[in-house]
Amino acid sequence: MTSPPTATARRWVIITDYPRWPSPYFSHLHRHAPQALPLTFCPDLASVSAIEPPGVLNLHRLKRLYHDPTAEARTEQAATKLLATLANLRQAGWRLVWTVHNLKPIDGQATTHTDNAVSDSVLDLADIVLCHTSADAMSLRTRTSGDVRVAGWAGLDEPQQPPSDAVAKLVNHMHAQAPVFLLLGHITRYKDLPATATIFLAHTTNASLIIAGASRDRAISADLGRVVAASGGRIVWYPQRVPPQQAGHLYAAAHAAVCPYRADAGYDFFADVLHPSSVATATCYGIPVIGPDLPAVAEITRGHPRWLAPAGASLGPALSAAEATLMATAPGVDTRTRRPPSDAIHRWQRIGRLYRSLAAELLPDEPSAEAASGTPPHLYPTGAHRR
């Protein structure tokens, strides 16, 4: 936990609704950040203007910042206001860092020209662009001549509490299965779980699949429910959010993690920039991964047990190969008992040290006399985009 900054500290301000929004990413970053990092969380940009002196403004997911609550959508007008606000804050002395998780929103709605324009403009406006993998950095450097750095990835800490009754019941069920695959996390369109579950049944014969996660999409819930009901008990769906501090119990009981990410139907940008948190978590726990051969996934799982399918193709062959390999394990040998503890803490600490180093680089002892220059960027720039 970081210490509260002094009144005169030039702060590293992350724009997010954490801690009201209980994000595992931000809670781990906060928990393991070095004491010397003057870390502060603000729910929106409006609250930043009252902070003195100017420090580092760290953006993460952009979509909420140009979502119009009245229109209940991301709008061009809200995007224009966002970009003008960022330009004004830079002119006031704030340094801008964008930690890129995904280039575009991934909430299921089709991406728009506004989404593309916001991403391009923030890439141009940022003093530093952070990403999680070298694969992401390579792609981002084709989109901006700005300073792109790699922060690395991390997962979840080892559980510090016993499993809840519901999780214990799932764990007991998993220990009775061989092999058992785990698909954990929010159920969203970019994972296409009904199709993934159907493919699992078609390409495996003995394995079991545990799906643990909540769905807010009624159509997805209905489709997935039908596949589960017809699975003959080979698929179990626990339709509740699993608290991050409980997730490690489920991973420890799994033989492999299924991590589906689409690369079609509007999600082709996953082949350029993607933070696959399920893959990062699985590798930190030492769990073999079944997923698509996207650049970020391939980098995170390098040197790690994995079965990857070509990007955009069916996971079927990867699921089949994983089952065959795990079924061939010598009788009486349980690979789940041979894993080292999660290395997530060390990874988060390394990320925290990078943030601290960047803070020292961007926030010298004396506030810079040189304010950021330039006019507020237009949503639809008339000139050529910087490459």
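User: Where does H132 lie in this predicted model, and is H132 buried or exposed?
Analyst: In this predicted model, H132 sits in the loop that joins β7 (128–131) to α4 (134–140). Residues under 20% relative accessible area count as buried. The relative accessibility of H132 is 2%, so H132 is buried.

User: With which side chain does the side chain of H132 make a polar contact?
Analyst: Leaving aside residues up to four places away in sequence, H132 touches Y25, T99, V100, H101, V150, G152, W153 and H275. A polar contact of 3.1 Å links the side chain of H132 to the side chain of Y25.

User: Within what arc do the buried residues of α6 fall, seen down the axis?
Analyst: Helix α6 (residues 193–203) has L193, P194, T196, A197 and F200 buried. They line one face of the helix, because seen down the axis of α6 they fall within an arc of 165°.

User: Against which elements do the buried residues of α6 pack?
Analyst: The buried residues concerned include L193 and F200. Their packing partners are β9 (180–184), β10 (208–212), α7 (218–229), β11 (235–238), β12 (256–258) and α11 (316–327).

Conventions
Residues are numbered from 1 along each chain as its sequence is written. This is a predicted model: local features need pLDDT of at least 70, side-chain atom pairs count only at pLDDT 80 or more; totals for chains, interfaces and linings use all residues. Side-chain values use heavy atoms; hydrogens and water are left out. Buried means under 20% relative accessible area, exposed over 50%, partly exposed in between (1.4 Å probe, protein chains only). Helices (H or I, at least four residues) and strands (E, at least two) are DSSP runs, numbered from the N terminus. The arc is that of the directions from the helix axis to the C-beta atoms. Contact means heavy atoms within 4.5 Å. A polar contact is a pair of N or O atoms within 3.5 Å; within protein, one must be able to donate a hydrogen and the other to accept it, and residues adjacent in sequence count only if both atoms are side-chain atoms.
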